[in-house]
Amino acid sequence: MSVIAAIRPDDWNLPLFLHILGAMLLVGSLVLVVTAIAADNLRLGFRTLLIAVIPSWIVMRVAAQWIASKENVDDLDPTPAWVDIGYSTSEGSLLLLIVATICAGLAARRARGGGLRTATLVLVAVSLIAYVVAIWAMSTKPS
Amino acid sequence: MYDTLLFFHLLAAFILAVTVVIYSAVAVGVPAPGRALFVADRCWDVGGLGTLILGIWLALYLDEYDIFDGWIIGAIVLWFVATGLGQSLQRRMASGDTTAVATMHWIRTLVVLGLLVLMVWKPGA
């Protein structure tokens, strides 16, 4: 599968590029959220989640669906494990990111974040760990 | 072996993206905390070395590719351009000289995007 991936058809390249670009921006902006909130800059953390993280997630997920339709991986029975891992981490993490955005927004409106700040950090950290698992699944493609 | 190399090569590329995102925030005028810049600079060091070493290792490991393929040579050249810009940016930020920092960052971002284009399209492969 990996060697096949190394010599993929040309018309898969644009959706793959957008998928990787969206995923890179997603991970990069999540790290910015962590550093901002760890430094008590709750406003920057909230804005980054709203302006960068959620839009990056959309780019990553839409492009993932695009390339999945080109590769017809959804039609395979059973669906390959790496595809299932990709879907479950991306869709599961969206819920975490939405809750993290709400927590960060509420924390930013208060003088002190307290539990909301900690909740945001934990949710973002869990999402980042999930994305490392997704990168592993996308690159090693376990069947 | 190929899978492991590719995973860590990709992971290193994602670490590079952390630097690009954090410096983009600085370039558009966000007062990023000093800790964020420290993380961004260390990510540039680790991600840069990781992508280069693991990328060359992959090119040598796979029979489909040759280290002297045009797209691989192009990627190595772009890597050196991005690294030069990155080192210069780090020095300027450390000395408080912020002139041209934003311009240099956006050029570096374009170079990194160029690297991603080469890695996906692999022209001539």
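Chain B contains four helices and zero strands, and when it is read along the sequence the pattern is α-α-α-α. The model described here is predicted, which should be kept in mind throughout. Chain A has five helices and, like chain B, zero strands, so that its elements, taken from the N terminus on, run α-α-α-α-α.

Consider next the outline of each chain. Taken along the principal axes, the C-alpha atoms of chain B fill a box of roughly 45 × 25 × 20 Å, while those of chain A fill a box of roughly 55 × 25 × 20 Å. For chain B there is also a check against a simple rule: a compact globule of 125 residues would have a radius of gyration near 14 Å, and the 15 Å of chain B agrees with this. Buried residues make up 32% of the 125 residues in chain B, and in chain A, which has 143 residues, 42% count as buried.

The contacts within each chain show how its sequence is brought together. If one takes the contacts in chain B between residues at least 6 apart in sequence, 72% of them join residues at least 24 apart. In chain A, among contacts with a separation of 6 or more, residues 24 or more positions apart account for 77%.

One helix of chain B can be followed in detail. Helix α3(B) has 26 residues and reaches 38 Å from its first C-alpha to its last, which is close to the 38 Å expected at 1.5 Å a residue. Its buried residues are B:I72, B:A75, B:W79, B:A82, B:L85, B:G86 and B:L89, and these pack against α2 and α4 of chain B. After α3(B) comes B:G96, whose phi is positive, near 80 degrees.

Where do the two chains touch? The contact takes 25 residues from chain A and 24 residues from chain B. On the side of chain A that touches chain B, α1 (2-6), α2 and α5 of chain A each supply at least two residues, and the largest share, 15 residues, comes from α2(A). Sorted by class, this side of chain A has 17 nonpolar, eight polar and no charged residues.

The largest nonpolar core, which has 68 residues, includes members from both chains, and those that touch the most other members are A:V27, A:V33, B:L16, B:A17, B:V18 and B:I22. At least two residues of this core are supplied by each of α2 (13-38), α3 (42-71), α4 (81-109) and α5 (115-140) of chain A, together with α1 (2-27), α2 (34-61), α3 (70-95) and α4 (101-121) of chain B. As an example from this core, take B:I22: leaving aside its neighbours within four places in sequence, B:I22 is in contact with A:L32 in chain A, and with B:A32, B:A36, B:L37, B:V39 and B:A40 in chain B.

Is A:M138 buried or exposed? A:M138 counts as buried because it has 21 C-beta neighbours inside 10 Å, and the cut-off for a buried residue is 20 or more. Apart from its neighbours within four places in sequence, A:M138 is in contact with A:W82 and A:G86.

Technical notes:
Residues numbered from 1 in each chain as written. Chains lettered and ligands numbered in written order. Predicted model: local features only at pLDDT ≥ 70, side-chain atom pairs only at ≥ 80, totals over all residues. Core = buried A, V, L, I, M, F, W, Y, C linked by C-beta atoms within 7 Å. Buried ≥ 20, exposed ≤ 12 C-beta atoms within 10 Å, placed from the backbone. Contact = placed C-beta atoms within 7 Å. Nonpolar A, V, L, I, M, F, W, Y, C, P; charged D, E, K, R; others polar. Expected span 1.5 Å × (residues − 1). Rg over C-alpha atoms; globule rule 2.2 N^0.38 Å.
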